[in-house]
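Welcome to this short tour. Please open your viewer and get ready to select a few spots, one after another.

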Amino acid sequence: MKKLAAGNWKMNGSMAALAEAQALVAAHPAPSCEMLLCPPATLIAALSAQAKGTPLMVGGQDCHPKASGAHTGDISAVMLKDAGATHVILGHSERRTDHGETDALVKAKAEAAIAAGLIAIVCIGETEAERDAGRTLAVIGTQLDGSVPAGATAANLVIAYEPVWAIGTGRTPTLAEIAEVHAFLRARLQGLIGPDAAGTRLLYGGSVKPSNATDIFAVPHVDGALVGGASLKAADFGAIVAALSA
Ligand code: PGA
């Protein structure tokens, strides 16, 4: 399994930001891990065109469960694919919080993504209160059970474990805590999708940066990272790509 460095630009970036992606590819023309950037939807087609013929892949940050129709402001998985995307992030905690997304909706979106030929990156993670209450594994187990799409395989599904309290805060779980969750996810996924669980990428996300990437990537069952803030600058994301390629 090739590991995956996935960057999530969130609601950041204009056409000028495509220069960062250009610099990233120039510095890492042949990484031994997979390299993905998920810019705002407005940049997907332009970034896909720019990245053509390079190892950089492009993804969306959300999609609607339907392929088309009267859904003002929404974007379908089919449209993301048409714009050049290969992946789509689904159920990010900011979507779950800002837009009230449930596990059932995330699952429906992931099924639409797979039907459109995209790789679904399904995000799960506990809040700080849930961790403090000792409910981390129960919470993420429920989210995993409810969000994993029908028809999921190692080739069309990626799971991202992102503790809500670690996103954008500079705080991370201990390496032992990450190890505990990732081992749990691998086993739980086996019950959901069978032997393909062994080859399904399990990403860690939440305040991954160049200074902690090497340690996090050495944790068993961590097959890459979903990176927010540190994916905006080519130098920072490039250092994370390098750590994952080592
Ligand atoms: P962060 O965000 O790296 O800025 O903490 C991670 C994410 O939300 O995917």
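A polar contact is a pair of N or O atoms within 3.5 Å; within protein, one must be able to donate a hydrogen and the other to accept it, and residues adjacent in sequence count only if both atoms are side-chain atoms. Keep in mind that this is a predicted model, where local features need pLDDT of at least 70, side-chain atom pairs count only at pLDDT 80 or more, and totals for chains, interfaces and linings use all residues. Residues are numbered from 1 along each chain as its sequence is written, and side-chain values use heavy atoms, with hydrogens and water left out.

**Stop 1**

Select S207 together with the ligand: a polar backbone atom of S207 is 2.8 Å from an oxygen atom of the ligand. Now show H92, whose side chain has an N or O atom 2.6 Å from an oxygen atom of the ligand. On its own, the ligand has 280 Å² of accessible area, and the protein covers 95% of that (areas come from the Shrake-Rupley method with a 1.4 Å probe; for residues, only the protein chains shown count as cover).

**Stop 2: R201**

Next, select R201 in strand β7, residues 201-205 (strands are DSSP runs of E with at least two residues, and helices are runs of H or I with at least four, numbered from the N terminus). Is R201 buried or exposed? R201 is buried, because its relative accessible area is 13% and buried means under 20%, exposed over 50%, and partly exposed in between, with a 1.4 Å probe and protein chains only. Show K2 as well: its backbone oxygen lies 2.6 Å from a polar atom of the R201 side chain. Leaving out residues up to four places away in sequence, R201 touches several residues, including M1, E34, L157 and D223 (contact means heavy atoms within 4.5 Å).

**Stop 3: M57**

Move to M57, which is found in strand β3, residues 56-60. Among the residues that M57 touches, beyond four places in sequence, are E34, L36 and H87. Then pick C38: it is 19 residues from M57 along the chain, and their C-alpha atoms are separated by 8.5 Å.

**Stop 4: Q190**

Finish at Q190 in helix α8, residues 175-193. Q190 is partly exposed, with a relative accessible area of 42%. Not counting residues up to four places away in sequence, Q190 touches P195 and A197. Last, select T200, which is 10 residues from Q190 along the chain, with 9.8 Å between the two C-alpha atoms.
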